Amino acid sequence: MPKSKLGRRTIEITAGLFQELANLGLAKLGKDDLFFHDDSGSRLPYSTFYDH
């Protein structure tokens with residue numbers, strides 16, 4: 001959860017990408033569940049995105 005409303009981001013994705021994510025389990029997640037997480041289900045460190 002972001003620290004403030006300004007930390008929330010909305011991104012547009014194609015129908016194809018949405019289908020790919022749905023096939024990987026996106027539709028089964030709850031509102032506060034993480035799709036991208038570490039092996040323990042916790043939030044990924046921010047450096048993960050900057051390092052890759």
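This note goes through the predicted model, from overall form to single residues.

1. **Secondary structure.** The protein has 2 helices and 0 strands. Helix α1 covers residues 15-23. Helix α2 covers residues 47-51, and a loop lies between α1 and α2.

2. **Overall dimensions.** The radius of gyration is 13 Å, whereas a compact globule of 52 residues would have one near 10 Å. The C-alpha trace spans about 30 × 25 × 25 Å along its principal axes. Read the two values together when judging the fold.

3. **Burial and surface.** Of the 52 residues, 4% are buried. Buried here means under 20% relative accessible area. The protein exposes about 5,300 Å². Carbon and sulfur atoms supply 56% of that area.

4. **Charge.** There are 7 positive and 7 negative side chains. The centres of the two sets lie 11 Å apart.

5. **Nonpolar patch.** Which residues make the nonpolar surface patch? They are Ile11, Ile13, Leu17 and Phe18, and the patch comes to about 390 Å². Two of these residues are taken up next.

6. **Phe18.** This patch member lies in helix α1. Its relative accessibility is 45%, so Phe18 counts as partly exposed. The partly exposed class runs between the 20% limit for buried and the 50% limit for exposed.

7. **Ile13.** Ile13 also contributes to the patch, but its place is in the segment before α1. Why does Ile13 count as partly exposed? Because its relative accessibility is 39%. Asp39 is 26 residues from Ile13 along the chain, and their C-alpha atoms are separated by 26 Å.

8. **Gly7.** Gly7, too, sits in the segment before α1. Gly7 has a relative accessible area of 39% and is therefore partly exposed. Gly7 and Leu26 are 19 residues apart in sequence. From C-alpha to C-alpha, Gly7 and Leu26 are 22 Å apart in space.

9. **Asp33.** Where is Asp33 placed? Asp33 belongs to the loop between α1 and α2. With 46% relative accessibility, Asp33 counts as partly exposed. Arg43 is 10 residues from Asp33 along the chain, with a C-alpha separation of 9.9 Å.

10. **Points to keep in view.** The model is predicted. Buried residues make up 4% of the chain. The nonpolar patch of about 390 Å² includes Phe18 and Ile13, with Phe18 in helix α1 and Ile13 in the segment before α1.

Note on methods
Residues are numbered from 1 along each chain as its sequence is written. This is a predicted model: local features need pLDDT of at least 70, side-chain atom pairs count only at pLDDT 80 or more; totals for chains, interfaces and linings use all residues. Side-chain values use heavy atoms; hydrogens and water are left out. Patches are made of residues with over 30% relative accessible area and no salt bridge: like charges are joined within 9 Å, nonpolar side chains (Val, Leu, Ile, Met, Phe, Trp, Tyr) within 5 Å. Accessible areas come from the Shrake-Rupley method with a 1.4 Å probe; for residues, only the protein chains shown count as cover. A salt bridge is a side-chain nitrogen of Lys or Arg within 4 Å of a carboxyl oxygen of Asp or Glu. Helices (H or I, at least four residues) and strands (E, at least two) are DSSP runs, numbered from the N terminus. Buried means under 20% relative accessible area, exposed over 50%, partly exposed in between (1.4 Å probe, protein chains only). The radius of gyration is taken over C-alpha atoms; the globule rule is 2.2 Å times the number of residues to the power 0.38. Lys and Arg count as positive and Asp and Glu as negative; His and the chain ends are not counted. The place of a charge is taken as NZ of Lys, CZ of Arg, CG of Asp or CD of Glu.
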